[in-house]
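Please walk through this structure chain by chain. The text starts with a pair of helices and then turns to confidence and domains.

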Amino acid sequence: MTKPDPTPSIQRRPSDDDVLLTLRGVVKHYPIKHGIIFKTEIGRVRAVDGVELTVRRGETLGLVGETGCGKSTLARCITRLFPLTAGSIVFDGQDISRLSRRELRPYRRQVQMIFQDPYGSLNPRRRIGSIIGDPFAIHGVADGAERKRRVQELMELVGLNPEHYNRFPADFSGGQRQRIGVARALALRPKLIVCDEPVSALDVSIQAQIINLLEGLQDEFNLTYVFIAHDLSVVEHVSDRVAVMYLGKIVELADRDQLYGQPRHPYTNALLLAGSIADPDRARARRRIILTGDVPSPVDPPSGCRFHPRCPKAQQLCFDTEPQLQPEPGDPVEHATACHFPVAPGEDLTVLTPGIGSAVDQPTEG
Amino acid sequence: MIRFVIRRILTGAIVVWLISLVVFAIFFIAPPNVAFLLLGRFAASDQQLVATVTAQLGLDQPIVVQYWHFLTRLVHGDLGYSYYSHQPVTTLIGQALPVTASLAIGAAIIWVVSGVLIGVLSATRPRSFLDRLSTLFALIGLSFPTFVLGLLLLYLLFYKLHLAGVDFFPGGGYVPLTQDPWQWFVHLILPWITLAVASMAVYVRLTRGQMLEVLGEDYIRTARSKGLSERRVIFRHGLRAALVPIVTQFGIDVATLLGGAIVTEQVFGLNGLGKMSVTAVTNQDEPVIIAVVLLASVFVVVANIVVDVLYAVLDPRVRLS
Amino acid sequence: MSASELSEVADLPDPAVPQPGVERQVEGRSPWQLAWIRLRRDRVAVVCAAFILLLVLVAILADPLANWIGYNATDQDQVNGITADGLPVGPDAHHLLGTDNLGRDILVRIIFGTRVSLVVGVSAAVAAVLIGVIVGLCAGYLGPVVDSVLARLMDVVLSFPFLLFAIALVTVVGPSELIEILVIAFFSWAAVGRIVRGQTLAIREREYIEAARSLGAGNLRIMVIDVLPNLMAPVIVYVTLLIPVSIVFEATLSYLGVGIIPPTPSWGNMISDAQNFYQVAWWYLVFPGAALVLTTLAFNLLGDSVRDALDPRTERLFAK
């Protein structure tokens with residue numbers, strides 16, 4: 001993959017200290033309430049449960065995990081679509097985690113989102129000119145003819161015919177609709193774009209077009225992406241660094257080549273193993289060996305390491321103590337893993353059977 | 001389940017209380033000239049007398065006190081005396097209730113049973129003659145205001161038949177069930193039909209739509225392939241699933257039923273609660289109006305609770321929400 | 001009367017779902033234009049719309065029409081309009097649809113009654129839908145606190161034995177056309193509100209609403225610009241179906257003597273008067289009754305066609 005690179009060397013190598021976004025202990029719980037008149041909280045869905053993450057200016061941070069691991073919730077925490085339960089988010093030096101609706105407005109101009117569903121994310125009753133012009137209207141940037149000119153500029157930029165200004169979303173294909181979503185996100189020239197599974201609803205051939213578009217725009221406008229996906233190959237293709245999420249927590253974080261070349265967390269290993277096998281039947285068979293059981297409920301997550309009920313390497317320590325996300329001995333500082341017994345290079349997990357999950361859980365369940 | 005029922009009863013009680021508040025407020029804002037009603041035109045000019053009556057009724061006290069008296073009397077089952085006939089309101093209601101109950105229950109049975117039955121039949125034979133006929137019927141039923149239909153029935157089935165020498169249908173009135181069951185029945189046939197037709201039309205359409213949807217489901221096909229009889233498939237498996245929205249609709253219709261009863265009683269000269277309330281309104285008989293409105297509200301609320309509970313029994317998912 | 005018919009509208013389609021069989025490839029045509037094209041091809045709809053248009057014309061031109069016929073709504077024709085026994089006269093050359101017990105021309109009174117029915121019916125329906133949409137939108141969009149208050153309010157209004165209450169209310173404040181409109185609107189909006197709330201709750205979860213919020217759009221903007229257009233299809237159907245319901249409601253109030261007060265004619269109070277004479281003067285009962293039934297029928301059929309045009313997938317209430 002070679003791509004046009006107008007300003008080489010500096011821009012493509014994001015430096016460690018040029019941080020755009022910092023998440024510290026970000027927690028998002030949804031309370032489950034019950035009661036007749038006075039509702040009491042009887043439980044919480046721990047969708048995001050203490051996430052530490054930094055995103056550097058100009059990079060693409062991939063975020064992977066299974067469905068329900070909290071990655072979309074995390075995306076909506078970053079864009080402040082709902083308030084955090086705890087923790088802080090610092091963007092460009094400013095803590096935005098406690099800002100009011102009004103105070104958030106400047107932040108909204110700088111952080112945009114691209115959504116997963118190209119059908120659901122565009123209002124079917126509005127013309128696309130007005131949809132793409134929304135950011136201008138909401139922030140009072142451009143009016144009338146000026147707005148139309150800028151919207152058509154954007155349409156051209158993302159590869160849409162500007163003459164289709166007055167059409168409705170229903171007149172476009174899935175890929176074209178996602179381009180509309182990209183144009184809308186780009187309108188205010190944000191610094192950060194959170195892409196929440198932007199291509200997973202599209203055909204494979206169209207996925208490549210959209211990814212190329214996003215990469216080209218990144219170079220042109222010096223954008224920073226947080227790129228969420230469950231497809232590991234897509235993430236490998238676009239990301240500079242990759243974070244793996246499991247049940248509301250980051251379990252491994254590393255440079256792309258490090259993570260794909262030398263995964264340390266058993267969960268990452270399992271994901272990669274399942275994803276790297278071309279034959280889907282064999283993939284499923286392999287995966288079953290390692291990832292036994294379903295993802296536990298985020299309402300009542302397992303104690304200690306959350307992965308222990310499904311982990312082939314789990315021991316008593318994993319049941320008792322939660323591992324910290326930190327570099328393992330021998331790994332570069334960049335490569336952090338939250339595991340007591342990280343996978344050694346060359347170790348074959350498929351020969352192991354999960355021990356602790358069944359052995360330790362059973363007495364407590366009774 | 002019990003928690004669910006308790007919650008519904010509590011909210012229902014709040015609704016009734018709010019309605020009582022509103023009724024009371026209406027008559028406080030624009031009170032009828034009670035002294036005039038009680039004492040007649042002549043005495044109403046006697047200021048002294050008017051003041052005495054007003055004081056006796058407690059109408060000179062602040063609203064909160066009046067409302068408190070009203071509530072305490074209500075809790076003790078005392079609804080006061082009619083300004084007009086000077087009888088206890090409870091006695092008046094006791095006389096009128098059997099009439100309205102006969103009318104409403106009978107009509108409800110007719111419309112639910114025949115509506116659902118016709119709906120099922122036309123769903124099992126879509127586009128047949130019967131289906132088209134039921135569609136036409138629904139169309140006409142929905143567009144006929146209750147009182148127009150009632151008067152038309154009177155004109156055709158009472159008057160025209162009477163001219164033709166057939167005196168089967170009476171021209172109105174009510175005979176208590178305890179006095180003569182057959183006459184009770186004959187006197188109520190036309191009112192029942194009048195009250196039932198519009199709702200029946202709704203049920204025919206609703207049942208037909210639901211059944212058509214349900215009969216296309218996989219499990220119905222499975223039931224058929226198991227060799228169950230067609231009747232069993234339709235009634236045991238199909239109708240059961242289609243019943244939930246029908247029950248919901250019934251809850252909505254209870255308020256409609258009362259409105260329809262007022263009109264029907266007016267058309268056929270039945271001395272039920274509806275006619276009593278219309279008379280009370282013309283006479284500005286405040287205690288009677290308040291009592292009837294409250295009674296009707298309680299009825300609607302209770303009916304809705306019953307429907308909700310039924311609904312929860314039929315569809316256990318509801319309880320979770 | 002109101003809620004039962006409306007409930008069928010509740011499952012109008014989600015406009016976001018692509019609909020098969022719709023002319024999608026047509027360039028830049030809005031969903032509204034497509035619906036309009038479908039509606040114009042529907043013969044039942046065209047006939048009903050023509051009839052309603054005629055009614056509107058009659059209502060507007062009531063005065064010149066009465067002049068042309070030669071009687072006013074309250075003129076008592078003692079010569080040709082009443083028999084020697086003081087009974088109504090049947091349809092003849094002097095009075096096309098006969099006269100009532102006071103010798104007044106029934107045709108002219110029906111014409112003026114049209115005005116009352118349409119003014120009250122349409123205004124009440126529009127007002128009810130307006131209130132219902134605003135309350136339903138707020139309940140559905142503004143979150144659980146607002147919702148629990150407004151949803152409870154709608155429950156209370158729906159629990160009112162509405163006709164009884166309307167009668168009580170009108171007696172207290174005194175009958176007038178305006179009061180009638182307000183009373184009908186007051187007891188009709190909650191049914192609309194409940195359905196709009198349900199739809200808003202569904203629309204609120206859509207990604208395009210999230211997209212608007214992430215752009216920094218305020219609640220009001222989202223409700224008006226993003227949610228409302230998606231409610232327009234059901235709203236238009238409610239209006240057309242609520243109009244006949246309101247017309248019948250008005251006629252019922254007038255019939256019970258708490259609506260339009262004689263001598264001003266309305267279909268309801270004409271039928272009420274006719275009740276005492278139906279054995280001797282069928283025309284007195286039948287013609288106002290027919291006017292009422294035909295009008296209701298036309299609006300019901302049109303509403304059904306409108307629903308059909310806005311969403312070709314749902315089954316028609318009345319098959320052709």
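At roughly what angle do the axes of helix α7 of chain C and helix α10 of chain C cross? This is a predicted model, in which local features need pLDDT of at least 70, side-chain atom pairs count only at pLDDT 80 or more, and totals for chains, interfaces and linings use all residues. Residues are numbered from 1 along each chain as its sequence is written, chains are lettered from A and ligands numbered from 1 in the order in which they are written, and side-chain values use heavy atoms, with hydrogens and water left out.

The axes of α7(C), residues 162–173, and α10(C), residues 219–255, cross at roughly 55 degrees and come within 11 Å. Axes are lines fitted to C-alpha atoms, for helices over the stretch in contact, and angles run from 0 to 180 degrees between N-to-C directions. Helices (H or I, at least four residues) and strands (E, at least two) are DSSP runs, numbered from the N terminus. The angle therefore makes α7(C) oblique to α10(C); under 35 degrees counts as roughly parallel, over 145 as roughly antiparallel, 65 to 115 as roughly perpendicular and the rest as oblique. On the α7(C) side, F162(C), L163(C) and A166(C) make the contact, and on the α10(C) side F249(C), T252(C) and L253(C) (contact means heavy atoms within 4.5 Å).

In chain A, the mean pLDDT (the predictor's confidence in each residue, from 0 to 100) is 82, and 83% of residues reach 70 or more. Residues 1–14 of chain A have pLDDT below 50, as do residues 355–366 of chain A. Where pLDDT is low, the predicted coordinates should not be read in detail.

Chain B is assigned domain 1 (2–75) and domain 2 (96–314), with bounds from an automatic or database domain assignment. Their C-alpha centres lie 34 Å apart.
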